[in-house]
Structure formats: structure tokens, C-alpha cells
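Thanks for coming. I have one model to walk through, so please look at the screen.

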Amino acid sequence: MFDRGTATDPRTATADPGPLAARVASWMLELAEVDRDLTDAEQIDLIRGLEDLKAGAAAAQARITTDLDAARQDQRAREGVPAERRSAGIASEVALARRVSPVRGGQHLGLAKALVHEMPHALCALTTGALSEWRATLLVRESACLTRADRITFDAELCRDPSTLQGWGDQRLIAEAKKIAYRLDAQSVVRRNRKAESERHVSVRPAPDTMSYLTGLLPVPQGIAVYAALSRRADEARASGDTRSRGQIMADTLVERVTGQTRACDVRIEIQLVMTDRTLLGGDDEPGYLPGYGTVPAEWIRDLLTGGDEDGSDPSTEIWLRRLYTSPSGSELVSMDSKARRAPAGLARFVTARDRTCRTPWCDAPIRHIDHVQSHADGGETTADNLQGLCEACNYAKQAPGWRASPTTAPDGRHQVASTTPSGHTYRSTAPPPPGVDPPDQMNLDDLLLRDLAEHGPGPGGRWTPIPGRPFDSAVFEGELAGLELALARILTPVG
Ligand SMILES: [Zn+2]
């Protein structure tokens, strides 16, 4: 979906990546054609050697990363950028270079700074392969609550002689690290526990088979109290003849008590499904996309919308289908324009549906901001083309000095954003293909533009309008329209 473009900033762009990077590329070629005519002893030695090489590469990345961080901050200081803005976007540059999310980029940057500035022995162990990047991350994490001076002591005690780490599993390494950290500064460990408590929260994420995980990160006594209450309720219900399993009763009770509903299945939901009309009406297998969840199978959508249930009962789920997007050609979502500075709700929802998750390459965080690709102050328009969905961190990084972005179009017509970082590297992100990108070559409802159905009714003149220039058979159209209206009449039940 994403590709790294060519560097475009004449001040920093170089066709030649530099002698060391070129040598690294030649090692890659050598490894790609590795001689496999080896004895088993040679195989083991090579596997070990390559593992050491990965650790050594991680150590080199850490050193280079801190150099980039220092150089970028120095440059911004000279340019008069306020101190609190000097580190903006650096983690995102590291992330783009390493092809990971900005959050992970921030972790790599933090690891690099800790190793280079405060943990020279651990860095040395990483350089020689005695410590892997993952185990170095564990040590940095476990010493994060210490002062710089204590961390230097921690590093010396644990890593001065890397042979002591030999044979320790990750759990043993963490336990020894915790022991030293607690001895050096018990108070900081207590503070850290308190901080952990302040980070309590509830989250939801997709699970396989159109299920979801609802997770509460809670202090131990509260987590146990919730579990025990649900458990007690399940025992009582089972004792009075409830035939559901304990797990089912606990899950249903959780939903009922949190939402205040009488029955767990009586949910009132608002969904914003992106799907083709063929999936809705025609028995097509093209999956749909449920923002905030992900791809969902066609049959599940139809069951949800038509009230079907595995046991044939009629669930009282009320569903409010907010919007139905479909495309004239089936290859892209329909766009809407506006002159307003802030994206109006309809346009913001469109961009969210088009982009699905944060548009930064490698970042799949939920969209929190509808961002002007070219800023409004620089003449950027509030149109679907010039808007993109970004997470909070990426929106912040994009505003850092030296970053710029422009909307473009991918060869297949999909929306694209080209972002150039201060180093002059350009990264392109292409909007994901909507459902139904390869429609059958026949007149169908996907030849119709359906938008703002829930909010504005069926378009100008009270009817949906076929796209000009497409072959149009009014009898087929009216017939399909009647079917669609029938289906929508069942679906469009407003929420409270
Ligand atoms: Zn992001």
C-alpha cells in the first residue's frame, strides 16, 4: 500500500545513499545468495553469527538515531525554534525509516537515547551480540523510573560483565532488573506503580470471527472485584436453572450492567458500514468494512441488517445505518466538497470511511483528526482531496519544522498523500481500496450514487439519481430501487 518515493529536497536529497549504506546493501545481496552447502556445525555457527549481526545492527541504529536526534535539535535551536518544539517529528522520521508505527518509532528513539547516553554497558553488550534488541528494550523499560545516575549504576551492575546474562530467560532478566531498580530507588518504583494506576482505562479491539475484546486495565483489587461479581451472578443463575454457560452468563451480565439494558442482545447501535449494494441486497460475497472494527464478511452484514440470528429468533437490535457509500464505478468512494474551514461532519465521516485508519505509512492507529494535507493557512482547500485522517501523534509530527505534504492521485485513481520529511525523503500513502473494487460489468445499484441517505433522504427530487454517462435502464433501476427502499425501511430505525 505504501512505497518510499525518491528524495525530492535539493538541499538534502542525494542519489548516492552514502558509502556505508551502499556496503550494507551489498551485504544484503550477499545474504540473499547465502551459500547453503554447509555442515550442521556450520549451519549453527551461521545462525548464531547472523543473530549477533542483528544485535550489532540494532546497536548501530541506536547510535545513528541519537546522532539524528541531536543534529535535528541543534539545527532547530539555531533556527530559533522554541525548546519544546525542537524534538517534534523526530520519532516519526525514525518510524518511517524503520517502517514501523510512530509509537514504535518513539520507543526506538527512547531506547537509543537511553542506551547511548545512560547505559553504555548494555549498548556494548548489544554491539557484540551478547544482548538482543528485545532484551535491551526490557532493561530500558525496567530502569525507566530511575534517575540518570541510578540508571548508570543499574547498567554497570547488570551489564558490565555480559557473561552474567548468559542463559537467563527473559523473565529472569526482568526479575533481576526489578530487584536492582528497587534496591537503588524504592520510592521511584512505588511512584511508578502509582503512575500505572493513573493509566487505568477501558479499550475495545477486534477479535476473530466478528467478535470483540473489551478490556479494562484496572488496579488488581478492582479487576478481581468485577470478575468475582460476574462470577457470583453466573453461579446464581445456573443454580436457578439458566442453561447458558458460565462464560455466556458473565458476558451477558457485563453488557447488561454496564449499559443498563434488560437483555444483552437489546443493543442500540449506530453503524457506518462501507459496503457495496451487491453485498447488501444481492447475496454478493464482497466483504464490507466497519470503521473502528475492520473487515466483516458479507453474510454477517446481511444477518445484522435483516435481523437474522443463528437460532432463528428475532433479536431486538436497533440498527441505524448512518450512511451507505457506493461508487459510480465501484473503484472509489464518492467525494464531497465544502468551502468551510472545518470539515463538516459529512465530509469528515467520508474521509474517515475512505482512510479507515491514520494515513501515515505503517501507522494504523484510529483516526482522531481530519487534517488539511496542505494547511488552510497555505491556501489548502477543505475538500476530500485535501483532507486526510490522522492520529494525534502523526498530526503533531506533520506540523514539525521541515515537514510538508501534498495530495496526489495514485495510478489507479485512488487518493494519495505524498509526505516529505526534513531529511528530504518522500513517503506516499494510498487510500485503501473500498469494498467492491472489481464489480461485475453489469448495470446494478453500484452505478448509482447514494449518499447522505440517513441525513438528507434520497437526494434531489426525492429520488436517487443515476450517474450521467452510464447506460441506464429505468425499469431495472426502479425495480432495484424498490428493493433497496424495502431493505432500508427495515434498517433505518433512528437511535434515541
Ligand atoms: Zn498515525
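What percentage of the 496 residues of the protein chain count as buried? It is 26%, where buried takes 20 or more other C-beta atoms within 10 Å of a residue's own, exposed 12 or fewer, and partly exposed in between, with C-beta atoms placed from the backbone.

This is a predicted model: local features need pLDDT of at least 70, side-chain atom pairs count only at pLDDT 80 or more, and totals for chains, interfaces and linings use all residues. Residues are numbered from 1 along each chain as its sequence is written.

The protein chain has 17 helices and twelve strands; these are DSSP runs numbered from the N terminus, helices being H or I of at least four residues and strands E of at least two. Of the contacts with a separation of 6 or more in the protein chain, 60% are between residues 24 or more positions apart, a contact being two C-beta atoms, placed from the backbone, within 7 Å.

Now the helices. α2 (residues 40-78) packs on α4 at an angle of about 100°, with the axes 8 Å apart. Axes here are lines fitted to C-alpha atoms, for helices over the stretch in contact, and angles run from 0 to 180 degrees between N-to-C directions. α2 and α4 are therefore roughly perpendicular, the word for 65 to 115 degrees; under 35 is roughly parallel, over 145 roughly antiparallel, and the rest oblique. The contact of α2 with α4 has six nonpolar, three polar and three charged residues. Nonpolar means Ala, Val, Leu, Ile, Met, Phe, Trp, Tyr, Cys and Pro, charged means Asp, Glu, Lys and Arg, and polar means the others, Gly among them.

α4 (residues 102-118) also meets α6 (residues 133-142): their axes come within 10 Å and cross at roughly 80°. On the α4 side are Leu-111, Ala-114 and Leu-115, and on the α6 side Ala-136, Thr-137 and Val-140. That contact divides into five nonpolar, one polar and no charged.

Leu-111, Leu-115 and Ala-136 are among the residues touching the most other members of the largest nonpolar core, which has 31 residues. Such a core is a set of buried Ala, Val, Leu, Ile, Met, Phe, Trp, Tyr and Cys residues joined through C-beta atoms within 7 Å. Apart from it lies another core of ten residues, including Leu-347 and Val-373.

Last, the strands. Is β3 (residues 211-217) buried or in the open? Zero of its seven residues are buried, so β3 lies largely in the open. β3 runs antiparallel to β2 (residues 201-207), joined by seven bridges; pairing takes at least two DSSP bridges. Ser-203 has Thr-215 in β3 as its bridge partner.
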